[in-house]
Amino acid sequence: MDKPLTQNIHPDHDFTSLADYQKTGGYRGMRKALTELQPHEVTQQIKDSGLRGRGGAGFSTGLKWSLVPQKTSDLPDFQQTRYFVANADEMEPGAFKDRLLLEQDPHQLIEGIIIGAYAIQANIAYIFMRGEYRLAAKRVTYALQEARAQGYLGEHILGSDFNLEIYLHTSAGRYICGEETALLNALEGKRSTPRARPPHAVASGLWGRPTVVNNVETLCNVGHIIHYGIDWYHSLGLGADHGTKLFGVSGRVKHPGLWELPMGTPIREIVEEYAGGMLDGYQLRGFLPGGASTDFLLPEHLDVRMDYDAVAEAGSRLGTGTLIILDDKTCPVKMVLNMEQFFAQESCGWCTPCRDGLPWTVTLLQDIIAGQGRMEDLDTLAGLTRMLGPGHTFCALAPGAMEPLQSALKFFREDFERYIVGNNDELEYA
Amino acid sequence: MKQTAEKSTSEDLTALEIQEINAIINHYEDHTSVAIEALNIVQKHRRWISDSTLKAVADFLQISLAHLESVATFDNLIYRQPVGNTVIHYCNSVTCWMLGSEQIREHLCQRLHVEPGETSADGQYTILPIVCLGACHRAPAALVGDELKIDLNTDAIDEILKR
């Protein structure tokens with residue numbers, strides 16, 4: 001089986017019920033974990049599988065689980081309770097992968113949560129979902145009821161000593177809620193600002209207790225890994241990373257869409273074969289490989305493989321794995337402005353570089369586009385990409401916001417300059 | 001519809017609202033956690049969160065009004081001003097922007113004689129921008145009430161407004 005994540009997702013039926021899910025092997029990973037494996041063995045298998053976080057950061061999932069203190073009687077009280085959280089707050093501009101998994105095969109996520117919660121010995125788990133995903137919320141609620149009725153949630157699951165409840169928490173919409181520690185604050189009913197680290201959530205998360213937060217797509221891999229094994233999982237990747245990944249393409253291509261492909265699939269194959277290449281009359285000028293908070297890459301990077309290290313080596317990030325295409329008739333400066341407006345609006349305002357730096361970035365870009373820019377503004381923008389970069393902020397929002405800007409300044413500098421010197425009339429942009 | 005501080009005395013939550021909040025309040029170690037969902041529940045019944053509604057929710061949850069206001073003003077989907085029967089959230093994030101969200105906004109605003117953030121004179125529709133709706137392969141997209149609409153163009157907008 002080479003497409004585990006989407007095996008139940010077909011254009012002609014749009015929901016996978018519990019019965020459908022079990023027909024293709026669903027919940028067998030859970031059964032194996034709960035009846036044959038110790039919690040630490042589950043964690044070890046996920047670690048050995050090489051599964052890395054599909055939300056964008058690419059951190060080892062098994063390693064994250066292993067950082068939760070083992071449950072022993074000499075642990076202090078506050079660490080006896082732990083929580084497991086599925087991050088279903090997909091809101092990265094250009095990303096549309098988790099919605100598909102939530103709407104069409106929610107049991108796959110639920111199975112992943114049960115196994116993950118068992119591994120860290122959490123008895124309560126939350127699915128934190130953005131408020132706009134109304135259909136996904138309905139489908140997940142239904143699937144949770146099915147799983148509960150089947151005895152997969154509740155007390156003594158499959159006759160074991162393990163108890164688990166999963167609650168769906170629907171949020172009210174804010175990009176920052178997808179950031180791990182901001183999500184925890186949101187779940188606690190607070191304004192969703194990130195927390196200073198350390199301590200990390202695995203040591204002190206929800207209400208100060210050890211907490212694991214994993215992305216939806218990440219968790220959808222878990223049941224398959226436990227059921228089919230590590231060797232099978234390793235056989236799925238083409239490059240350095242393992243398993244499959246949902247890759248998407250949006251923009252002016254012939255067939256924008258989403259496909260489950262081996263990790264390490266070359267970008268060219270995704271853009272030219274699956275997405276069908278550019279629409280007639282448009283040329284590929286560049287692309288963001290993994291959503292709005294990743295650096296632009298150029299057509300010369302089309303042969304790069306979509307895995308974490310290969311994309312990083314090319315100067316960007318795999319991010320969410322959903323590519324946004326820049327065509328030759330879209331102005332890269334205006335495209336960057338759109339993304340910076342998004343980041344400025346969605347900044348939580350907690351730390352100064354982000355709160356002040358992003359609106360400043362927007363103003364500079366607006367001035368440049370309005371023909372009121374000066375060449376020094378490009379230096380100021382470059383300075384901002386450093387000041388808002390890694391190490392100066394509580395979370396990754398501002399550094400992420402700087403990625404498309406810094407790479408646009410590098411690759412499309414002439415576009416910025418043409419606005420400034422005032423002969424942008426020759427541009428054919430809409 | 002503007003309410004002054006003096007006028008904003010507390011009103012009561014309805015039995016149904018209380019029942020719905022109580023059904024989930026035990027999901028959390030600390031009842032403060034239910035704040036956002038409580039606002040979502042009450043807003044579902046009242047369409048928006050007035051000052052007095054906010055106070056009623058804060059009183060019911062026994063949390064400070066300032067705390068609840070800090071949450072209510074932070075989240076994009078909590079409306080602190082009156083909205084119409086249906087809120088149309090048009091996506092203005094990058095792919096939708098590239099593929100025509102500005103035309104969608106212009107057409108909506110022109111048809112309804114409003115600016116973004118305003119409600120049509122008949123009280124039917126409120127137009128608001130929203131961030132990426134996760135439908136970039138079918139851009140431009142909008143959330144019309146609870147329904148995701150994709151592959152939008154001016155004809156599709158006319159069709160939506162006809163209903």
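A salt bridge (a side-chain nitrogen of Lys or Arg within 4 Å of a carboxyl oxygen of Asp or Glu) joins the side chains of A:Arg209 and B:Glu29, with N to O at 2.7 Å. The model is predicted: local features need pLDDT of at least 70, side-chain atom pairs count only at pLDDT 80 or more, and totals for chains, interfaces and linings use all residues. Residues are numbered from 1 along each chain as its sequence is written, chains are lettered from A and ligands numbered from 1 in the order in which they are written, and side-chain values use heavy atoms, with hydrogens and water left out.

**Interface of chain A and chain B**

- Between chain A and chain B the count is two salt bridges.
- There are also 23 residue pairs in polar contact between the two chains, both residues at pLDDT 80 or more. A polar contact is a pair of N or O atoms within 3.5 Å; within protein, one must be able to donate a hydrogen and the other to accept it, and residues adjacent in sequence count only if both atoms are side-chain atoms.
- Elements giving two or more residues to the side of chain A that touches chain B are β3 (165-170), α8 (180-187), β5 (244-250), β8 (322-327) and α13 (332-346) of chain A. Helices (H or I, at least four residues) and strands (E, at least two) are DSSP runs, numbered from the N terminus.
- The largest share of this side, seven residues, comes from α13(A).
- By class, the side of chain A that touches chain B holds 23 nonpolar, 15 polar and 14 charged residues. Here Ala, Val, Leu, Ile, Met, Phe, Trp, Tyr, Cys and Pro count as nonpolar, Asp, Glu, Lys and Arg as charged, and the others, Gly among them, as polar.
- In contact (heavy atoms within 4.5 Å) are 52 residues from chain A and 38 residues from chain B.
- About 3,700 Å² is buried between chain A and chain B, with carbon and sulfur atoms giving 58% of that area. Buried area is the accessible area (1.4 Å probe) that two parts lose on being put together, summed over both.
- In chain A, the residues that lose the most area to chain B are A:Arg134, A:Ala172 and A:Arg191, together 17% of what that side buries.

**Helix α8 of chain A**

- Seven of the eight residues of α8(A) are buried, where buried means under 20% relative accessible area, exposed over 50% and partly exposed in between (1.4 Å probe, protein chains only).
- The buried residues are A:Thr181, A:Ala182, A:Leu183, A:Leu184, A:Asn185, A:Ala186 and A:Leu187.
- They pack against β1 (83-88), β2 (124-129), β3 and β4 (211-215) of chain A, together with α2 (35-46) of chain B.
- A:Gly189, with a positive phi near 80°, follows α8(A).

**Domains of chain A**

- Chain A is divided into domain 1 (18-236), domain 2 (244-327) and domain 3 (332-426); domain bounds come from an automatic or database domain assignment.
- The C-alpha centres of domain 2 and domain 3 of chain A lie 23 Å apart.
- Their contact takes 13 residues from domain 2 of chain A and 16 residues from domain 3 of chain A.
- The area buried between domain 2 and domain 3 of chain A is about 1,200 Å², and carbon and sulfur atoms give 68% of it.
- On the domain 2 side, A:Arg285, A:Asp295 and A:Phe296 lose the most area to domain 3 of chain A, together 48% of what that side buries.
- Three salt bridges are counted between domain 2 and domain 3 of chain A.
- A:Arg285 and A:Glu414 form a salt bridge, their closest N and O atoms being 3.4 Å apart.

**Chain B**

- Chain B has seven helices and four strands, in the order α-α-α-α-β-α-α-β-β-β-α from the N terminus on.
- Its domain assignment gives domain 1 (15-74) and domain 2 (86-162), with C-alpha centres 28 Å apart.
- Of the 163 residues in chain B, 50% are buried.

**B:Ser93**

- B:Ser93 is in the loop between β1 (86-91) and α5 (94-98) of chain B.
- B:Ser93 counts as buried because its relative accessibility is 3%.
- Leaving out residues up to four places away in sequence, B:Ser93 touches A:Pro93, A:Asn338, A:Phe342, B:Ile130, B:Val131 and B:Cys132.
- A polar atom of the B:Ser93 side chain lies 2.9 Å from the backbone nitrogen of B:Cys132.
- B:Ser93 and B:Ile130 are 37 residues apart in sequence and 7.8 Å apart in space, C-alpha to C-alpha.
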